[in-house]
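Here are my notes on this model, as numbered points. Keep the 3D view open as you read.

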Amino acid sequence: MSIATEVVMMRTGPNITDDMFVNIVEVLEREFHTKQTGFINTELLHDDESKSWIMIQHWDSIEHLKAASEKMFQDEKATVFVKALDPASVKMSIAPQIKVWGKGQ
């Protein structure tokens, strides 16, 4: 079983500041993702040029990732996050990890 990586690119709605969004994601991670089976970690990035956010998540399997994704849109703890997004901007990609390189490997 290989690690599954999800990459989500998105923009926020017009009334959501960067600080607000970071706090919203903090709650989402603490109250939702960290409690899901198979969750490993999340990384949040911001592209100043395009004003887009990039969320990278690692899961222990594609099955666990997909189950959590389906559950997220029905979970009240994720509602604030979903409402903070510009829905037309959300682009998601899921792929299995093939190889990892790192210092000392």
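1. Start with a helix. E26 and R30 both sit in α1, the helix of residues 18-31, and they are four residues apart, about one turn of the helix. Helices here are DSSP runs of H or I with at least four residues, strands are runs of E with at least two, and both are numbered from the N terminus.

2. A word on the source. This is a predicted model, in which local features need pLDDT of at least 70 and side-chain atom pairs count only at pLDDT 80 or more, while totals for chains, interfaces and linings use all residues. Residues are numbered from 1 along each chain as its sequence is written, and side-chain values use heavy atoms, with hydrogens and water left out.

3. How many salt bridges does a search of the whole structure find? It finds three. The term means a side-chain nitrogen of Lys or Arg within 4 Å of a carboxyl oxygen of Asp or Glu. E26 bridges to R30, with the closest N and O atoms 3.6 Å apart. R30 also bridges to E31, at 3.5 Å between the closest N and O atoms. K35 forms a salt bridge with E31, where the closest N and O atoms are 3.8 Å apart. Shared partners join E26, R30, E31 and K35 into one network.

4. Are these residues buried or exposed? Buried means under 20% relative accessible area, exposed means over 50%, and partly exposed lies in between (1.4 Å probe, protein chains only). K35 is exposed, at 54%. E26 has 45% relative accessibility, so E26 counts as partly exposed. R30 is partly exposed at 42%, and E31 is partly exposed at 27%.

5. Now the sheet. Four strands form an open sheet in the order β2-β3-β1-β4, with antiparallel pairing. β2 (39-47) and β4 (91-96) are at the edges with a single partner strand each, so one side of each has no neighbour in the sheet. Neighbouring strands of this sheet are turned by 15° against each other on average, direction ignored. The axes behind such angles are lines fitted to C-alpha atoms, for helices over the stretch in contact, and angles run from 0 to 180 degrees between N-to-C directions.

6. Check the pairing. Two strands pair if DSSP finds at least two bridges between them. β2 and β3 are antiparallel and share eight bridges. F39 has W59 of β3 as its bridge partner. β2 and β3 also make a hairpin with four residues between them, and K51 in the turn has a positive phi of about 60°. β1 and β4 run antiparallel and are joined by six bridges. There, T5 has A95 of β4 as its bridge partner.

7. Last, the largest pocket. On a 1 Å grid over the protein atoms alone, a pocket is an open set of points where a 1.4 Å probe fits, with protein on both sides within 12 Å along at least five of seven lines; lining residues have an atom within 4 Å of a point. The lining has 19 residues, and V8, M72, F73, F81 and M92 lie nearest the centre of the pocket. α2 gives the largest share, four residues.
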